[in-house]
Amino acid sequence: MRIGVIGGGAWGTALAQVAAQAGDPVLLWAREPEVVASINANHENPLFLKGVPLSHDVMATGDLGALADCDALLVVVPAQHVRAVLAEAPVGCTPLLLCAKGIEAGTQLLVGEVAAQVHPTAPIAVLSGPTFAYEVAAGLPTAVTLACADADLGARLVDRLAGPAFRPYLSNDVIGAEIGGAVKNVLAIACGVVEGAGLGLNARAALIARGFAEMTRFGLARGGR
């Protein structure tokens with residue numbers, strides 16, 4: 001399987017490294033010419049993931065059209081840019097693994113709903129979880145959720161990304177995974193506010209507990225499980 005990665009930031013580069021370490025050739029699209037040049041010549045992304053050596057199986061391009069021959073596409077651009085970038089990407093019926101977390105401003109659509117509008121024939125899966133790009137790229141232990149309504153496709157994607165230090169857990173709750181990924185970032189910011197204001201551990205624990213309860217209600221209201 002040839003993996004395409006749309007997005008050359010820290011997270012996109014880390015996931016390209018994961019896919020390459022799992023044994024697949026990877027073509028990464030980046031907007032920045034200096035990122036493309038450095039990955040191809042020096043096997044490093046100095047702008048977003050400096051100091052992390054990349055597999056020689058990761059190559060980069062500045063041409064979205066070059067991804068046309070990929071068997072699966074990991075979409076790793078910020079949520080607010082997913083619609084515009086996907087509109088230019090050669091997707092067709094190629095499976096999309098959405099790795100961006102968020103809700104589109106204005107439409108209030110989840111990233112999966114945006115992708116379905118732009119490419120209605122493309123199968124969709126979602127990757128979400130508590131991850132830091134540097135740790136993933138460095139091979140430190142990481143667990144994520146990979147959600148897909150198509151169990152066979154989900155299992156194939158899990159198989160292509162799983163490695164000794166990167167463990168995707170398969171789920172069929174696509175909406176739940178998207179809501180969790182988007183809302184947990186809001187909770188993380190709120191926890192930082194509590195910490196900065198010196199409100200104490202009790203307040204932080206209460207925020208997390210009630211935040212998870214609200215996240216669950218929100219997910220159920222949007223059709224998650």
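Predicted model: local features only at pLDDT ≥ 70, side-chain atom pairs only at ≥ 80, totals over all residues.

Student: OK, which residues line the second largest pocket?
Tutor: Pro-130, Thr-131, Phe-132, Lys-184, Asn-185, Leu-187, Ala-188, Cys-191, Ile-208 and Phe-212. By class, that lining has 7 nonpolar, 2 polar and 1 charged residues.

Student: Which helix gives the most to that lining?
Tutor: H7, with 5 residues. H7 and H8 each supply at least two.

Student: And what volume does the second largest pocket have?
Tutor: About 200 Å³. For the largest pocket, the figure is about 300 Å³. Of the 18 residues lining the largest pocket, Gly-7, Gly-9, Val-76, Val-77 and Pro-78 are the closest to its centre.

Student: Back to H8. Which of its residues are buried?
Tutor: Gly-211, Met-215 and Gly-219. Seen down the axis of H8, the buried residues fall within an arc of 60°, so they line one face of the helix.

Student: What do those buried residues pack against?
Tutor: Helix H7, residues 174-196. On the other side of H8, the exposed residues are Asn-202, Arg-210, Glu-214, Arg-217, Leu-220 and Ala-221.

Student: How far apart are the end C-alpha atoms of H8?
Tutor: They are 30 Å apart, which agrees with the 30 Å that its 21 residues should span at 1.5 Å a residue.

Student: What follows H8?
Tutor: Gly-223, with a positive phi near 105°.

Technical notes. Residues numbered from 1 in each chain as written. Heavy atoms only, no water. Helix = DSSP H or I, 4+ residues; strand = E, 2+ residues; numbered from the N terminus. Expected span 1.5 Å × (residues − 1). Buried < 20%, exposed > 50% of the residue type's maximum accessible area, 1.4 Å probe, protein only. Arc of directions from axis to C-beta. Contact = heavy atoms within 4.5 Å. 1 Å grid on protein atoms, 1.4 Å probe; cavity = no way out; pocket = protein on both sides within 12 Å on 5 of 7 lines; lining within 4 Å. Points joined across faces, edges and corners; volume = space filled by probe spheres on them. Nonpolar A, V, L, I, M, F, W, Y, C, P; charged D, E, K, R; others polar.
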